[in-house]
Amino acid sequence: MSIVTAHHPLSASVSIAVLKMISHLQEPLSEMVPLEEADSRVLACDFESPFSLPPFRRAAMDGYAIRSAVALNACQEQPVQLQVSDEIRSGQSERSYDSAISQSSAIRIFTGAPVPKGYDTVIMQETVKQHKDSNAFPVIQIDRPYPHGQHIAEKGEDVPMGIQLLFRGTTIKAKEIAVLASFGQTEVAVYRKPTIAVIPIGDELTLPGHGLESGRIYDANSFMVGSRLRELGATVIRYAPVSDCMEKIEAAISSALDSADLVVTTGGVSVGDYDYVKVAAEHAGAEPLFTKVAMRPGTPTSGFQINSKLLVCLSGNPSACFTGLELLLRPVVLKMTGRSDYRSEWMEGRLTESIKKPSPYPRYARAFVYRAEKEWMVDLLGNDKSGNVAAFASANALVLIPPGGSGASIGQEVRWVNLSV
Ligand SMILES: Nc1nc2c(c(=O)[nH]1)N[C@H]1C(S)=C(S)[C@@H](COP(=O)(O)OP(=O)(O)OC[C@H]3O[C@@H](n4cnc5c(N)ncnc54)[C@H](O)[C@@H]3O)O[C@H]1N2
Ligand code: MOO
């Protein structure tokens, strides 16, 4: 007897279905990429500071480096005069002078230049008077004391050597690139992107660009799923629609499994006479992990394993497909990209209206969530039929309406998940 008949469904909650799929994943492989190609990729190793930053003691203002002790008693009545004896610009190497020089002179210095040994404070040029009578360095007049260490960035004050700065599993953005570039890294180890095949199934499906015949619709799901998967960090192979034919579906799944790490189908997964996906998956050698998920919409969503790969069969109804994509596929795909923050993050919010739609399963309704004073408010968007496609365009969240009862009431606390992450 088939293991995927309606009489023996392998039913799972959303979290169990995700766990089952994730437990079949292996650590993704890594590769080196040039720093400028690392945006939005996922770090495959931790990064420790290989040296201190800044790498030398440097001026943080344009002005004069002095030894603070020489101006301890400086005041307007008795200013201290200091001859400027040298100039150091950014990019020039570190210098040192005899202590006799540092005790009796100032150094003209610019932001980012190395502060020479023996000098312990930098005075902003705006705060001193200078006398210059020739092309020689001027004499400056200091009329108050300056604290030790002022306007000097000490070596290692940003980060000492050997500190763990970046963590494996982090998505690389501009701030991570800044850290890597500051240490002169030209390449970075990232996880390889997973390759995911998306196969839309259904006799009624037409590819955009072709005329729409009677009884047919355009394939929206494979484009929607492909777009989201790319956004999550996958490389997508989108198949043209496959008709409701067991052999063709099996052939498409088998060929997709040869080239992809994960295969996603949409449609043909329910109980109709021409819903062949689950049987075709079995014929292709896949073993079911779950063939029903306790959620509305998207109850028929199914997951299979085949060797070390996964096959995820999403519902054909666009809203149901979208829900399965966000709740079941998103964490699995993020985990495959190597991200450590792959789990969906559920937040608390308050319903602004009631929903009278009892369901034996948790219902994931489309919502618009916004901040009002101290809490998140959850507007339901209605028009919740799972066959609708335009209805979720304005949603920024899926809200969990608990099962049983008569739905949920205005003011009730509910949990929601952000769709923009
Ligand atoms: N007797 C029963 N019938 C149905 C049940 C049930 O339990 N008993 N479940 C219903 C539920 S719930 C869902 S969800 C759907 C799921 O059906 P399938 O996943 O098999 O999807 P299809 O039948 O192929 O298509 C459903 C619907 O979606 C349209 N579709 C399909 N693919 C696309 C696409 N790529 N782009 C846009 N729209 C698509 C398709 O034309 C249908 O209108 O089954 C219920 N039936
Ligand atoms: O599980 Mo279906 O998606 O409710 O229509």
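These legends accompany close-up views of a predicted model.

**View 1. The shell around ligand 1.** Ligand 1 is surrounded by 27 residues. The closest are Asn221, Gly267, Ser270, Ser315 and Gly316. By class, the shell holds 14 polar, ten nonpolar and three charged residues. Helices α4 (221-231) and α7 (318-336) each contribute at least two residues to this shell.

**View 2. The open sheet with edge strands β17 and β19.** Six strands follow the order β17-β14-β18-β22-β21-β19, and their pairing is mixed. β17 (235-238) and β19 (287-290) form the edges, each pairing on one side only. From one strand to the next, the twist averages 25°.

**View 3. The β18-β22 pair.** Strands β18 (residues 262-266) and β22 (residues 309-314) run parallel and are joined by five bridges. Within this pair, valine 263 stands opposite leucine 311 of β22.

**View 4. Helices across the sheet.** Helix α5 (residues 246-259) lies across β14 (195-200), β17, β18, β21 (302-306) and β22. Its direction makes an angle of about 165° with β14. Helix α7 lies across β14, β18 and β22, and runs at about 165° to β22. α7 also supplies at least two residues of the shell around ligand 1.

View 5

**View 6. The β6-β7 pair.** Five bridges link β6 (residues 80-88) and β7 (residues 105-109) in the parallel sense. Here valine 84 stands opposite alanine 106 of β7.

Conventions:
Residues are numbered from 1 along each chain as its sequence is written. Chains are lettered from A and ligands numbered from 1 in the order in which they are written. This is a predicted model: local features need pLDDT of at least 70, side-chain atom pairs count only at pLDDT 80 or more; totals for chains, interfaces and linings use all residues. A residue is near a molecule or strand if its C-beta atom, placed from the backbone, lies within 6 Å of it. Helices (H or I, at least four residues) and strands (E, at least two) are DSSP runs, numbered from the N terminus. Ala, Val, Leu, Ile, Met, Phe, Trp, Tyr, Cys and Pro count as nonpolar, Asp, Glu, Lys and Arg as charged, and the others, Gly among them, as polar. Two strands pair if DSSP finds at least two bridges between them. Axes are lines fitted to C-alpha atoms, for helices over the stretch in contact, and angles run from 0 to 180 degrees between N-to-C directions. Two residues are in contact if their C-beta atoms, placed from the backbone, lie within 7 Å.
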